[in-house]
Amino acid sequence: SGCKLRVTKHRENGKGDYITLSYCWGGPKNICLRKDNLEELESGIEIHFLPQTFQDAIEVTRKLDIRFLWIDALCILQDDSDDKLKEIWNMGEIYRDSFVTIAAS
């Protein structure tokens, strides 16, 4: 089987040990983290099932030898208003503390 992306709860000291992705939402093949697929995404999803923007960000992250990639759609429970509110509140810190932000258009 191919390479897999696995959603984790990593966020120890955080500073600089991950990359963030900034991108335009929507479009075809949009995947997001929900309560009903959390377990599946934690066990891993084949990268080729992800949107091309996510695949490209994963490739850049690997080439920069960084272990973690933060993608809002995959790191915030999209069907949990409490999680969304908490994470939106922390968004500035999340982007500020990343090694680099990939901006995709």
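Colleague: Let's start with Tyr95: what does this residue count as, by its relative accessibility?

Modeller: This is a predicted model, where local features need pLDDT of at least 70 and side-chain atom pairs count only at pLDDT 80 or more, while totals for chains, interfaces and linings use all residues. Residues are numbered from 1 along each chain as its sequence is written, and side-chain values use heavy atoms, with hydrogens and water left out. Buried means under 20% relative accessible area and exposed over 50%, with partly exposed in between (1.4 Å probe, protein chains only). Tyr95 has a relative accessibility of 24%, so Tyr95 counts as partly exposed.

Colleague: Thanks! How many aromatic pairs are there?

Modeller: Rings of Phe, Tyr and Trp (its six-membered ring) pair if their centres lie within 6.5 Å; planes under 30 degrees apart count as stacked, over 60 as edge-to-face and the rest as tilted. By this rule the count of aromatic pairs is 2.

Colleague: Why is the pair of Tyr23 and Phe54 given the class it has, and which class is that?

Modeller: A pair of aromatic rings is described by the distance of the centres and the angle of the planes. For Tyr23 and Phe54, the centres are 5.3 Å apart and the planes stand at 85°, so this pair is edge-to-face.

Colleague: And how many residues apart are Tyr23 and Phe54?

Modeller: Helices (H or I, at least four residues) and strands (E, at least two) are DSSP runs, numbered from the N terminus. Tyr23 is buried, as is Phe54. Tyr23 sits in the loop between strand E2 (18-22) and helix H1 (38-43), whereas Phe54 belongs to helix H2 (residues 52-63), so the pair links distant parts of the chain, with a separation of 31 residues.

Colleague: What about Trp70 and Tyr95: at what angle are their planes?

Modeller: Trp70 is buried, at 9% relative accessible area. Trp70 is in strand E4 (residues 68-70) and Tyr95 in helix H4 (residues 81-96), so the pair ties together parts 25 residues apart in sequence. The ring centres are 5.5 Å apart and the pair is edge-to-face, with the planes at 80°.

Colleague: Which strand pairs with E2 over 4 bridges?

Modeller: Two strands pair if DSSP finds at least two bridges between them. E2 runs parallel to E4, joined by 3 bridges, and Tyr18 stands opposite Phe68 in E4. On another pairing, Ile19 stands opposite Val100 in E5. The parallel partner over 4 bridges is strand E5 (residues 100-103).

Colleague: What is the phi of Asp65 near?

Modeller: Asp65 lies in the loop between H2 and E4. With 71% relative accessibility, Asp65 counts as exposed. Most residues other than glycine have a negative phi. Asp65 has a positive phi, near 60°.

Colleague: Last one: with which side chain does the side chain of Gln52 make a polar contact?

Modeller: Gln52 is in helix H2 and is partly exposed, at 49% relative accessible area. A polar contact is a pair of N or O atoms within 3.5 Å; within protein, one must be able to donate a hydrogen and the other to accept it, and residues adjacent in sequence count only if both atoms are side-chain atoms. At 2.7 Å, the partner of Gln52 is the side chain of Asp56.
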